[in-house]
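Here is a colleague's note to read alongside the structure. Please keep the 3D view open while going through the points.

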Amino acid sequence: MAWTGRIALPVTGLAALLLLTGCTKLGPDFHGITPPPLSESLKSDRNVSDDDLADWWNIYEDETLDRLIDKALSQNLDLQTAGLRILQARAALGIATGLQYPQAQTLSGNAMSSYHRYHIDSANLSFDLAWEADIWGKYARGIESAEATLMAQVASYRAAAVSLLAEVARSYIDYRTTEERIAYAERNVAIQERVTRMTEVQYKAGNVSELDMQQSRTQLYNTRAALPAMHLAEIRIINALAVLLGTTPEAVRKILGPRDHDLLQQINEAIATNNRGIIQLAENEKNLLAPHYIPEPRFNPDRIVDASLLIRRPDIRAAEYIAHAEAAQIGIAEAALYPSFRLLGSIGYSASDPNPVVPFLTGWGSLNENITIAAGPGFSWNIFQYGRLKNDVRLKDAAFEESLVRYSKRVLTAAAEVSNALNAYRFTQIQLQEREKALEATVRAFNISVTQYHDGLVSYQRLLSTVEKLTFAQDAYARTKGELAVDAALLYKALGGGWQATDGRSYLFQKSRARMRKRGVDWGHGLDENATRMPKGWK
């Protein structure tokens, strides 16, 4: 039996090529990043762990907020987008991993008929293979870069979750703050209506001038005019929550629940008359500070502040993974400066038949004469590139250095955010205490002034001043309560709290999974819920 082709690879050449595949990887090895020095105020010898930041919204002990957050984690569109980026990074890692194996595996063939003097039918079939030995670690660095990019997308998903949870909490607190401001405004409307009626009676009795009556009405109308803006703020907050939850405003309203139907009763309890029929406000704490719409944070802010937790913020981890990916790109670029070695192989079959009636049958008794086998090593080297390849290495090195600088800036920015949030909470606590004292004093001043006005001891201007201050003090008190609650959420956000809520959850949402399967693209088991669960902790 004869062969028209022969194996063209000497044993010594093959052995040398295989030995070369064990060479080291070019480029720098990434061993993490040393963070910039941080303030001593962020260093602690306490045993603070990630668990201290998990489920941080429980400090409010608010079931409605719990339901909003659960909905957001299941339906938020930004999280869906971040999850699909993880899926893309996984596919890119699969591509990089596949480059370790023969990079070209091609099966080709053709069949044709030709007419010259004779009618000849011919057919060719060949299988070609090419494998580049990863001598310089180009493909290994590619896998390293793809793995780091995948982990960066995981960290970015968690960073999106941290921002989402804080934004849901902020919006919910803003909604409750607006509710409380509305309640105080409606209470002030009720107070001013009674003051106006009292002034009208005094005017009809000739005890005061028309100016007093008109000023009283003016103040009442202005207070009423503030209510529509507050109701509009409520609508805007509900719409914002609907976007965060990926749902409709009607669904958000169902979670928030109806307005307090006991508000009128609370107003009547807070506003009474003494035995002389003079308007008086309740000065005891229970009625003074009602209603309690705004959730109150119950925690020690100093207990959770620690630099080790700050460095584990998802966005900072993402910056570190991105730097790792950039470092690996240097090795890939350096590998292009050196020759690449390949192992090539081909198996081919060709046949021709001059018989136009029954093609490909005549002469098949000598079929082995039409098989060709060829194999051997090859190499290529990019020379005379006029600095292009070296400049590509320099480009990758500068990009890596830039990622290190961005990492340092991210850490310092995070430290500033923690400091700002922590001090904001502390100072807002002090401010709230003073607001409460001011409100108590204003209520007392109102009771005194309305009595003295009734007895003709002070002018209406004195009473008008106390009514104005009462309106301002109650609204400022509600707004400061809301700011304190928001400051607590922002502190946890600054520390990167809440990313643990993504552990074990599927980053591919059900709607996307259903649409992708319907398109018929072969994902294998890659879309299964178990295959798309977020890992626990950090790699």
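Predicted model: local features only at pLDDT ≥ 70, side-chain atom pairs only at ≥ 80, totals over all residues.

1. Local features are reported where pLDDT is at least 70. Side-chain atom pairs count only at pLDDT 80 or more.

2. Main core. The largest nonpolar core holds 108 residues. Tyr60, Val168, Phe446 and Leu463 have the most contacts inside it. Helix H4, residues 138-204, gives the most to this core, with 18 residues. In soluble globular proteins, nonpolar side chains tend to be buried together.

3. Start here when inspecting the core.

4. A separate core. Another core, of eight residues, lies apart from the largest one. Among its members are Met151, Val162, Ala318 and Trp499.

5. Helix H6. Which residues of H6 (249-256) are buried? They are Val252, Ile255 and Leu256. These three lie on the same side of H6, because they cover an arc of only 95° around the axis. The face turned away from the buried side carries Glu250 and Lys254, both exposed. The cover over the buried residues of H6 includes H2, H4 and helix H5 (210-245). Gly257 follows H6 and has a positive phi, near 85°.

6. Most residues other than glycine have a negative phi. Asp55 is not a glycine, yet its phi is positive, about 50°. Glu61 also has a positive phi of about 50° and is not a glycine. Asp55 sits in the loop between helix H1 (11-20) and helix H2 (63-75). Glu61 lies in the loop between H1 and H2 as well. How exposed is Asp55? Its relative accessible area is 39%, so Asp55 is partly exposed. Glu61 has 61% relative accessibility, so Glu61 counts as exposed.

7. Nonpolar surface patch. Phe379, Trp381, Ile383, Phe384 and Tyr386 form a nonpolar patch on the surface. Together they have about 730 Å² of accessible area. Phe379 is found in strand S6, residues 371-380. Why does Phe379 count as exposed? Its relative accessibility is 54%, and the cut-off for exposed is over 50%.

Methods. Residues numbered from 1 in each chain as written. Heavy atoms only, no water. Core = buried A, V, L, I, M, F, W, Y, C linked by side-chain atoms within 4.5 Å. Buried < 20%, exposed > 50% of the residue type's maximum accessible area, 1.4 Å probe, protein only. Helix = DSSP H or I, 4+ residues; strand = E, 2+ residues; numbered from the N terminus. Patch = residues over 30% accessible without salt bridge, like charges linked within 9 Å, V, L, I, M, F, W, Y side chains within 5 Å. Areas by Shrake-Rupley, 256 points an atom, 1.4 Å probe, with all protein chains shown as cover. Salt bridge = Lys/Arg side-chain N within 4 Å of Asp/Glu carboxyl O. Arc of directions from axis to C-beta. Contact = heavy atoms within 4.5 Å.
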